[in-house]
Each structure stands twice: as C-alpha cells, then as structure tokens.
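Subject: Structure handover

Hello,

Here is the structure for you to look at. My notes follow below it.

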2 protein chains.
Amino acid sequence: MIDSFVEENFLEGNPLEEHGGNIYKASKMLNKELNEIFDFSANINPLGIPQKLKEIMISNIQNMVYYPDPKYYKLLSQLSDYLEVPWINIIPGNGSSEIIYLFFKVLKPRDVLITAPSFSEYEKAALNEDVFVRYFKLEEEQGFKLNTRKLMDEISCGVDCVVLCNPNNPTSKLVEKEDMAEIIAHAYRHKTTVLIDEAFIELTEGSKDNSMTDYINTYKNLFIIRAATKIFAVPGLRLGYGIGNKDLIANMKSKQQPWSLNTLAACAGSFLICADDYLKRTSEWLVEEKAWLYKNLVYFFADSSNRADKLKVFNPDTNFILIKLLCTELDSCVLKERLAKRGVLIRDASNFKYLDNRFFRVAVKDRRSNERLINILTEELD
Amino acid sequence: MIDSFVEENFLEGNPLEEHGGNIYKASKMLNKELNEIFDFSANINPLGIPQKLKEIMISNIQNMVYYPDPKYYKLLSQLSDYLEVPWINIIPGNGSSEIIYLFFKVLKPRDVLITAPSFSEYEKAALNEDVFVRYFKLEEEQGFKLNTRKLMDEISCGVDCVVLCNPNNPTSKLVEKEDMAEIIAHAYRHKTTVLIDEAFIELTEGSKDNSMTDYINTYKNLFIIRAATKIFAVPGLRLGYGIGNKDLIANMKSKQQPWSLNTLAACAGSFLICADDYLKRTSEWLVEEKAWLYKNLVYFFADSSNRADKLKVFNPDTNFILIKLLCTELDSCVLKERLAKRGVLIRDASNFKYLDNRFFRVAVKDRRSNERLINILTEELD
C-alpha cells in the first residue's frame, strides 16, 4: 500500500519544483537506488559526508534519548572556533532556512531589496512577514556579475534591508571581498541592514577567506548566514548558523522554537573544529573540476570555432554552473525531463526571477560524473 | 578552551530553566557520564530508543547526503498507517514544537483558553502571534482533574480556541474519551477550535485507544498533536505530527519552512509501522511501575497512618507524577538542587502557572531507578 501511494505521488510530481530535481522521484521512476542517480541538480560537495562526521553521528545516535541542550553551548563554542567569531554573535539553526525566516521575523524591515535571480527562500521568508520586496536585477550581459556601484546608488535612495547571496545561486558569481566591504560600509551609513547568505563560501577558491565574518563586529548592520549543508554534504542533517551583532542574535534566540536543532546537528561541531583536511581536499577538487567542467562545456557546446554554439556557459566562481540553451527547439524543462529519464538530474532554472525556460544549472561533481554529463549532453544536444 | 567555556556557561545556568533539569549541566557538575545521571526531570520512556529504530537511523546516516523529500510522502504514508488517519489529515514537524507554533501562526485565533497548569509552549506560541491568552484553572482540590462541565460553560461564553494537553503535563491526569468527545462536540457547535496535545497518549493505560484521532473527520474543529519524542524515547530526533482537517493541514504545510524535518526523522516512519511489540512492552512496564512508584511514594511519604505526611502525591494517569511538598522547611528548588548534587534530577514545577515552589514532578522510570528515587527522597526528607 505504502509503496504504491508514494509512487503515485512522486510520479504525479510538481512540474515547478521549487528547489531542483527530486532524487526520490527519479529513483522511483527509474527503479534505481539513490546513489545510482547522477544528481547535478543539488549543489552538494561530491567528496561526500566526511568519514569523521559520520562516525560522530553514529556514536551520538544513542544520545537522541536526551533532549538537546536548549542553549546549544557546546555547539556554539565549536562554531565560534570554526567561524572565528565570538559565540555571542552566533545563532545555530535548523538549516539556514530557519535562520532566514527568523531573521525577517525579528528584524521586521519595512522593505527589502533582493538581488535576482537568486535563491527563492529570501523572498518567501520576507513575504511571510509582510515585508515589501523589491529586486535588484543582475544583468545577463554582465555575466550576472553584481554591479556594485549601481547597488550602492539604490541603497542611497533608502531601503531597510538588502539581501545578497555570495557566491550567488544560481549564477555562481562571487563578489570580491573589497567590493563587499564597500557595500556594507555604504549601507551602514544609510542605516541599511545587509544580509549575506554565504552557504557556498567554503566552495569558492579561497574558501573561508572570502567570508565577511571578520567584519561582524565592525558593522552592526551586517548579518551573515552560513551552513554545513553544502560544504560538508549534509543537507539531511539540517545545520545552519547566523552571524550578526549580539543584540540581533539575542533577539533571534528569544524567538527561536525550543530544540529546533536535532541531537546530531548539535554534535556536528565536534567535526567542524577539525575539518581542515577535508576543506583542503575540497579546495583541490574544486580548483580542478570546476575548471575542467567549464572548459569542456565551453569546448563542446559554446565554442563557435569548433561547432555551432548550443549553450552559453557562465563562468563559475563556485561548485555549480549556470547555462543557457541557445538551440531554440529545446527548453530547459524538456531537457530536464529527457536527462532525468536517463538517470541524470539537472536544475531547470526557469523558475528563478529574471531567468526563463532556456536556463538550467548543473553542479560540479567528480570527474566520472562530470564526464557523464558532457557525454549525455552531447547526445541530447546533437 | 571549549570545555572551560561550556562548563562556565552550564554552571552559571538559569535557575528557572523552562523545561526541566539540564542533564548536560548535571553531568558537567558531577563529572559523570550522561547515562550515570538519574534523570527524573524528563518524561521519556525508560525502555529507551527501540533497537530497530536505532538500526534504521544508523543505516540512514549515509542518506543525509540528500535533501529530505520536501513533501515527506513516505513518512506521511507510514504515519497514516500508525495513526490510522488519512495522510491528507497529517503534517509532520520538527518536534511537536514546530506544530504548536505553526498551528497558531496559521489559525490566528483572536483568543485562546489554555488549561493550567500545563506545558508552557502553548502560551508562548500563542503570544508569538499576538493571540489573547486566558487560562482555565485546574483545581488542586479536584486532584487537578478537568471539570468538563465548567470548561463547556466557558466555551459557551465564546472563545476561538481551547488548548488541552491530554494526559496533561505536569498533572498527569487523563480526560476520558467520552468526556473529551463531549467537549469537542460542544466546541464544534460554538465554533471553537480544540487543540489537544497527546504527546503522552501512548504512555497511558489503553495507549493509542485513548487518542481522539478517530474523531478527526467528524469534527473539523479538532486538531491533535502527537509525537515520537516521549513514547519512543527520541527527544533528540525531533519528530512530531499534527492531525487536523485537510484545509488547515494544507494551509500549515504551505507556511512550513522547507526541510524542517531532518533525514533521520523522515525515515523513522519505517519503525512506527512495526512498533507493536515495543508498545506492548511499554504498556506492561507502565502498568507495573506507575502503580509501584505511586504506591511507594504514598506509603513512605504521604500515608499518615505510617508517619507524618511529607508529600502530597497526585494519582498519575501517565508516566510522571506531580508531587507537593508538605514540609514547610523545604521548597522544590532547594530539593531539586540537593538531589542534583547527588546525581538525581527532578523537575521543579514552581514555574508552571497556578503551581508554586512546593510542587515538583518526577518521571516513572525502571524499577532500579524508581527505588533510587524513593531512597534518596527518604534520606533528604527525613
């Protein structure tokens, strides 16, 4: 009974799934195990869950018999080490989602300016609190690179809050640290709070050094979101953290639901404080495979000296690549469906604001998977 | 560094911890392992985490590399089996806390009548949504048993929502099914929504049969909260569920944060559908130990034929017992501190509405622990 019910609901599905391909649906459809699917729709570190983190989780399953420490002191202390920020400036959350929602609930800005295209939860969380939402358009002609000057002009005109995802999802563009510092300082002078979602910051060249966390006690208008999700390949663990001025953090904690982090999320800090080796291996993989996948996508599909352009490939700064279909006979939804039938999931990016049904996003994965992507795209686009 | 920081914060502590003794603090203070503490402050099934559930969790740790299915279809289907309610009437949550908060957020009642003393989160969640909160006092003279007739009179006077915890925490009193049905029907006629928190329902004599879930599609004004937390001894897993009319459930789902349940909570349904043996063993333990602990508490401390009354012990319907100190030289906070120093945690119940610093609450545990409680109380109260 259960299986047929689940199958029916999966297969029915939702053509506009908000957050990328559903690997469970694909696994049901194709009658394959989850790990047999090539999932390029989720931007997860392909090095997988660190062995030591797995061990910590397994050894803590028995501790689920206790309520988590309601203040999460041990985790806070470990996050303080990992993030190099005083614990009083940190709030842990049930994934970054909880932090995003809590931020808007507590800050209650009158209006918010969100760069777009970007992750849809900022808008959803803002609307949830009846915040007036405006967008700052990232221009395709500029490769979706943020126009710092123009953003600062908008801030000068007055806005309570600005949201930046850095590096940005789905465009994979990173704002340089000096530019970001300039934006924050400018916003500070205009009493504008800046929310920066750094969910992918450890997945850029330079890793944690690109983070703005070291400005947290210089600018009270700065709020940063980080998470274990992408970098440590644990979306199912639900561990995110907000970093901000201590008054906002205390306020958010007072409004947080009790025990919103599960026992395993609460104990993951024991891994974070000794994650250096994993981070180093991640950097090595990233530098190599990001370049390889980009180069090959360009070579096979976007280099007109070679053949007719089929794709426009936007140069990535992190572990995923935004791509535009140039062949008019195909849209991203059709391409997604075709690839899914063959066990390869991509993110149809048409439901991102200012993008359309020619855009899709792929994660950078291990070499074998990346080769599979190139091959299957070659077959489908030929 | 971390250890001293954590220790400092634990030891400093908070004299009015909202939800009972902090086992982490005690473990630090006494330099003991968590499992060496006799924790009577948390009302958790002492049979512990079911072996099969542990195995399911361990085998699913590797699946944390995937985002949980955003619709939790498989879990819903399994909950439907376990609760004997159509899946469309169920919303899973990050513990029952998330369900309580979401309920008030979506229902937005003008006012709410909460029986008291009771679990403090109903009030907190209601105030969070600016709901006007009133209390229906449970009378000590009636052994804190709900006066059904009087409650119905209050409902007749008009109120948007009534909250009942059944069996009630901390009084351990169960409202009989027929009485509860009468309340719901009466409330239905007066357009009053009834929220019943059945977190402990499987820990009553009669177990699931005492639940009001079978009325869910008869009365649209009924909303029930259940959870895996207490009965399956997994407060650290964070798995609760709301059961209500399908429109309210759909509305709540649309306002729920994405992926609020972690991967292990989402896979726990595979245990629920084969929990019969564990539930049977729980019932056997409960019938025996609840009677034993109550009888011995009365015999040693409340039976004036035996010696001077030291305690007033309220007859429990579930796995915890509310107790009132009759000896004036001791209050519940002092008693709690004294016992904590000896590795035994009790719940100082003085911060429950309408209770004072003579009340405390103890869980019913295994025989060895229950004996330890009687012995240490004998020493401290003599």
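First, the ground rules. This is a predicted model, where local features need pLDDT of at least 70, side-chain atom pairs count only at pLDDT 80 or more, and totals for chains, interfaces and linings use all residues. Residues are numbered from 1 along each chain as its sequence is written, chains are lettered from A and ligands numbered from 1 in the order written, and side-chain values use heavy atoms, without hydrogens and water.

**The sheet.** Chain B has an open sheet of seven strands, with mixed pairing and the order 2-8-7-6-5-3-4. Strands (E, at least two residues) and helices (H or I, at least four) are DSSP runs, numbered from the N terminus. Two strands pair if DSSP finds at least two bridges between them. Strand 2 (90-93) and strand 4 (132-137) of chain B are at the edges; each has a single partner strand, so one side of each lacks a neighbour in the sheet. Strand 3 (residues 111-116) and strand 5 (residues 161-165) of chain B run parallel, joined by three bridges.

**Cysteines.** Zero disulfides turn up over all chains. The term means a pair of cysteine sulfur atoms within 2.5 Å. For Cys157(A), the closest cysteine sulfur is in Cys161(A), 16 Å away, too far for a bond. Cys157(A) is exposed, at 69% relative accessibility. Cys267(B) is buried, at 10%. Buried means under 20% relative accessible area, exposed over 50%, partly exposed in between (1.4 Å probe, protein chains only).

Best wishes
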